[in-house]
Amino acid sequence: MIFILGAWAVFAGIVALLGYSFSFPFEFSQSLDEIPFHRWQIVRVSVFLTFGYLAIRHFLFGKEKMFPIQFLDIYLKFLGGSGLVIYYQQGITEYWEYAALGFFLVAALLSHFLSRPEYKKIFFKR
């Protein structure tokens, strides 16, 4: 799942640099102006909260190393949580929007378990 999310993110980033929009999961549009405002807000708030959390964590715990899967786990949790709040605030009722958000909540749950110390041994030889 991490590979699929990573591949989608690289593709969406390249397409955005070319002036098009590719929203999750498979919504293609001709300009970046067609991305709904609530989706912009979710990403923006998630980045701010993730940065704030990591800054406070660095201040409290010093130079404790983090694996990329831990960063992804933190970001996906903030994405899901802020998404639910923003959808509620803006009165989003479309099933498709909640299905996409549900995917990220499931990804957050899976990344939570994959970022545990016993699973890190799978990815790295020591």
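**Helices, buried faces and ring pairs in a predicted model**

Phenylalanine 37 counts as exposed, because its relative accessibility is 53%; here buried means under 20% relative accessible area, exposed over 50%, and partly exposed in between, with a 1.4 Å probe and protein chains only. This residue belongs to helix α2, which covers residues 37-61. Helices (H or I, at least four residues) and strands (E, at least two) are DSSP runs, numbered from the N terminus.

Residues are numbered from 1 along each chain as its sequence is written, and side-chain values use heavy atoms, with hydrogens and water left out. The predictor's confidence in each residue, pLDDT, runs from 0 to 100. For the protein its mean is 79, and 81% of the residues reach 70 or more. Among the elements, helix α3 (residues 68-90) has the highest mean pLDDT, 88, and helix α5 (residues 117-123) the lowest, 56.

The overall layout can now be followed along the chain. The protein contains five helices and two strands, and from the N terminus on these run in the order α-β-β-α-α-α-α. Of its 126 residues, 31% count as buried. Among contacts between residues at least 6 apart in sequence, 57% join residues at least 24 apart, where contact means heavy atoms within 4.5 Å.

With 25 residues, α2 reaches 36 Å from its first C-alpha to its last, close to the 36 Å expected at 1.5 Å a residue; the expected span of a helix is 1.5 Å times one less than its number of residues. Its buried residues are His38, Arg39, Gln41, Ile42, Ser46, Thr50 and Arg57. Just after α2, glycine 62 takes a positive phi of about 75°.

Helix α3 comes next. Its 23 residues should span 33 Å at 1.5 Å a residue, and its end C-alpha atoms are 32 Å apart, which agrees. Buried residues of α3 include Ile69, Ile74, Leu76, Leu79, Ile86 and Tyr87. Just after this helix, glycine 91 takes a positive phi of about 70°.

Isoleucine 86, found in helix α3, counts as buried because its relative accessible area is 7%. Leaving aside neighbours within four places in sequence, isoleucine 86 is in contact with His38, Gln41, Ile42 and Val45. Isoleucine 86 and arginine 39 are 47 residues apart in sequence, and their C-alpha atoms are 8.9 Å apart in space. Phenylalanine 37 and glutamine 90 are 53 residues apart along the chain, with their C-alpha atoms separated by 9.8 Å.

Helix α4 (residues 95-114) has 20 residues and reaches 28 Å from its first C-alpha to its last, close to the 28 Å expected at 1.5 Å a residue. Within α4, Glu97, Ala100, Leu101, Phe104, Ala107, Ala108 and Ser111 are buried. Seen down the axis of α4, these buried residues fall within an arc of 110°, so they line one face of the helix; the arc is that of the directions from the helix axis to the C-beta atoms.

The aromatic rings complete the picture. Rings of Phe, Tyr and Trp (its six-membered ring) pair if their centres lie within 6.5 Å; planes under 30 degrees apart count as stacked, over 60 as edge-to-face and the rest as tilted. By this rule there are three aromatic pairs. The rings of tyrosine 87 and tyrosine 98 have centres 5.1 Å apart and planes at 80°, so this pair is edge-to-face. The pair links distant parts of the chain, with tyrosine 87 in helix α3 and tyrosine 98 in helix α4, 11 residues apart. Tyrosine 87 counts as buried at 4% relative accessibility, whereas tyrosine 98 counts as partly exposed at 34%. The rings of phenylalanine 103 and phenylalanine 104 also form an edge-to-face pair, because their centres are 5.6 Å apart and their planes at 75°. Phenylalanine 103 is partly exposed at 30% relative accessibility, and phenylalanine 104 is buried at 15%.
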